[in-house]
Amino acid sequence: MAIFLLIKPAIKTFYSLFNIKVLTIREREGGVIYENSKVISIEKKNNKFHIHTSSGKVVAKELVIATNGYTTSITKQLVRSIIPMNSNMIATEPLDESIAKKLIPKKRGAFDTKNLLYYFRLSKDNRMLFGSRIAGPQDGTLYEKLRKCMLHVFPQLKESKIDYQWGGKLAVTRSMFPHVGKTEDGAHFALGYSGHGVSLSTLMGQIIAENIAASDREKCSLEKLPLKEIPFLNQRGLILSLATNYFRLKDLIS
Ligand SMILES: Cc1cc2nc3c(=O)[nH]c(=O)nc-3n(C[C@H](O)[C@H](O)[C@H](O)COP(=O)(O)OP(=O)(O)OC[C@H]3O[C@@H](n4cnc5c(N)ncnc54)[C@H](O)[C@@H]3O)c2cc1C
């Protein structure tokens, strides 16, 4: 078992502890984790995958591709089937318990019903974690926009400092459902969680593990969904921007 891991500092999300826990278990069970090993190309020869990475080559009987919003043309069939989208978050400084209690009394995670929704919750140390799928270059202006969105919901946070800001990519498929299965050359894949990948990717991981252990097992409904290409692939940026503006307008008038 080998796991390639390419984590950019700007892309750490708030549940990275969960990932670290899973990887620690893998290592304890004899798995080898190659960090910062970018996969450059994949070849199928004599029924084996030859995986060329920035730090060496691995030959494997089974290959799992779990690149979701970061999928590139290394896996052509997969990159044609997703639209990558950004999601970004900010975290305020720790708030006084009395203020935090007023903002979200039961400290539940919450999101609104807009198409381009806001999602938020309090951290253990009472920081407001606030996120949205607003578009734009990942610089200060984007996070200032996000702060304004937060103040629209919680004007009480006007004086609160923003301690952290970060963002990353998620993937949307044509069906808007996640897909799990095998590529044309037999590599396992799972992607397209539309922003709900924390639990869904874990479930897909289990499905893939079961498929590797017993390839004749009965397929679940998600595995039967055909993965369809996104039309007008070259115009994906334009389509995304039109769709974002359409949904923004819809949110404004509803
Ligand atoms: C700001 C933000 C907030 C989010 N909040 C939530 C939430 O509250 N709940 C929820 O369910 N989901 C949330 N999501 C979505 C969730 O993060 C994703 O759905 C989930 O991470 C998908 O997991 P994954 O393992 O499939 O892909 P990822 O976690 O995206 O991992 C893909 C990995 O593939 C690596 N990779 C890509 N190409 C290569 C290559 N050539 N070689 C080696 N490695 C490569 C990338 O570096 C990356 O580490 C959020 C996303 C963001 C960005």
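How many residues lie between β12 and β13 in their hairpin? There are 5 residues between these two strands, and glycine 186 in the turn has a positive phi of about 90°. The model is predicted: local features need pLDDT of at least 70, side-chain atom pairs count only at pLDDT 80 or more, and totals for chains, interfaces and linings use all residues. Residues are numbered from 1 along each chain as its sequence is written.

**Sheet**
- An open sheet of 3 strands has the order β6-β13-β12, with mixed pairing.
- β6 (64-65) and β12 (179-182) are at the edges with a single partner strand each, so one side of each has no neighbour in the sheet.
- Strands (E, at least two residues) and helices (H or I, at least four residues) are DSSP runs numbered from the N terminus, and two strands pair if DSSP finds at least two bridges between them.

**Strand pairing**
- β6 pairs with β13 (residues 188-191) in the parallel sense over 2 bridges, and isoleucine 65 has phenylalanine 189 of β13 as its bridge partner.
- β12 and β13 run antiparallel and are joined by 4 bridges; here glycine 181 stands opposite phenylalanine 189 in β13.

**Helix on the sheet**
- Helix α5 (residues 197-213) packs on the sheet and touches β6, β12 and β13, contact being defined by C-beta atoms, placed from the backbone, within 7 Å.
- The direction of α5 makes about 165° with that of β13; axes are lines fitted to C-alpha atoms, for helices over the stretch in contact, and angles run from 0 to 180 degrees between N-to-C directions.

**Annotated span**
- An unreviewed UniProt entry annotates residues 27-210 as "domain: FAD dependent oxidoreductase"; such annotations may be inferred rather than shown by experiment.
- Residues 27-210 are 22% helix and 36% strand, and their end C-alpha atoms lie 19 Å apart.

Note on methods. Contact = placed C-beta atoms within 7 Å.
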